[in-house]
Amino acid sequence: MDQTIVSNQESRVITPTQHLLRSVALCAILLISRLWVLRHPIPVHGDEAGFVAALGFPSPYPVHLPGYPLWIALGTMAWKLGASKYAAFVFWSLLGSLAAPWLLYRGLRWVLSEGLAWWTALAFGLNPLMWFLSVTALNYTVGVTLGLIVIGCVWRGKVTCESRWIERAAWGMAVCVWLRPDYLYWLGPMVLYGVWTCRRKSVVRVLSIVLLSYGSLIATILYLYGGVNSTVQPIGNGHLWVEGLLNTSVFRLGVMDGVVRSAAKLLGIGVWVFGASGLLLVISFCLVGRIGTSRPSVVVFLLWWTLPLTAFVLLIHMTEPGHVILLIPAGYVLMAAALTAIVKSDFAVRIMSGVVLCSIVQFVGWPWSVDAVGWQRTLNAKIAYLSAEGLRQIDHRWDIHTPSDLWPTPMHRPTSSRPSFSPHETP
């Protein structure tokens, strides 16, 4: 068994009651932070209008086919139980924003000190991107929750060499693809890595679980919406779906408008969502060699966690900040691992608590306004709307934001796309 799973002396002496209290405290702090920004103009994003219109699944489905049928099903269930149309999705987003940091805390207790694991999880939960998305109708927080389940199962399978954990990761992936099909590309390589390093004989069984689920998703969508009388055309033509991805990729746009443009966007998102802790993240990158000396398995695991998604957003498709949400917890894990390599546990906890404070100050204190000028106006339009005041004025973001206005390409032309609900919808 990998020594990192039993290296935490503090975690071995903490009582179940103490752990429960810390878990409750973590979730309570996060819940209070969400309720504080729960009321805001809607829709925040155009996809939300599509989700609301799709309630009643499997009614006509207007959102990015093959889409997110599990997300629509979850929303439909909450709606049928009495929630308003928009709140039916917000409920699950809020729940996911509590569950994901708690799962990270649970997992990190095996490799970090108890205090550092708790503060690292809180930093992730209070990250501006997580905070913003937690009160929207978008599915990213539930996606990162399911993703962390897969990641955690692969880790446990790797360090224990028990194939049951890898199979659990495969079943997690089977659920993930119904929420967001792109998780097949983002986390599929990690599951294969887990199989290869643990139980190679189970590769057929693991692949069968994931591919059967994905095949069932495509078959179901084709059956429901791919008929000749369907009002939704693209799902009946796989070529159009592939074209939609390739049009924004390096294969159509080249290095400058493809990779470099996506890298600039990814860098901008990263600078904002990590804020002042970005400096610690850069230092942590520089210390990867030192971390690898003491805990090589952690570094290799983080690479399998982050590289597939990073390659996807750089080479294929990079649009929304939520697309990189799986990279956010990995960033905090890297910071925590670097701190354990260079400072004592108590001081590492103090630094991570400072990271939490910086995130709070940034999200709560940023003076978002459409009246800003110069670089701040551009920042407000492109990424700083991921703040408390930006969320409260999200309906005004479109007064200063036009997609692709800074870097237009043959596939990304400046457009006016203020999101709105259809006249007959009552969210």
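Buried means under 20% relative accessible area, exposed means over 50%, and partly exposed lies in between, computed with a 1.4 Å probe on protein chains only. The model on your screen is predicted, so local features need pLDDT of at least 70 and side-chain atom pairs count only at pLDDT 80 or more, while totals for chains, interfaces and linings use all residues. Residues are numbered from 1 along each chain as its sequence is written, and side-chain values use heavy atoms, with hydrogens and water left out.

The tour follows salt bridges, each being a side-chain nitrogen of Lys or Arg within 4 Å of a carboxyl oxygen of Asp or Glu; a search of the whole structure finds eight.

Select R205 and E167 to begin, where the closest N and O atoms of the salt bridge are 2.6 Å apart. R205 lies in helix 11 (residues 203-225) and E167 in helix 9 (residues 163-179), so this pair ties together parts that are 38 residues apart in sequence; helices here are DSSP runs of H or I with at least four residues, numbered from the N terminus. R205 counts as partly exposed, at 42% relative accessibility.

Next, select R22 and E114, whose side chains meet in a salt bridge at 3.7 Å, N to O. This pair links distant parts of the chain, with R22 in helix 2 (residues 16-36) and E114 in helix 6 (residues 114-125), 92 residues apart. R22 is partly exposed at 29% relative accessibility, whereas E114 is buried at 0%.

Finally, select D182 and R180, which form a salt bridge with their closest N and O atoms 2.9 Å apart. D182 is buried, with a relative accessible area of 14%, and R180 is also buried, at 3%.

Definitions and conventions:
Helices (H or I, at least four residues) and strands (E, at least two) are DSSP runs, numbered from the N terminus.
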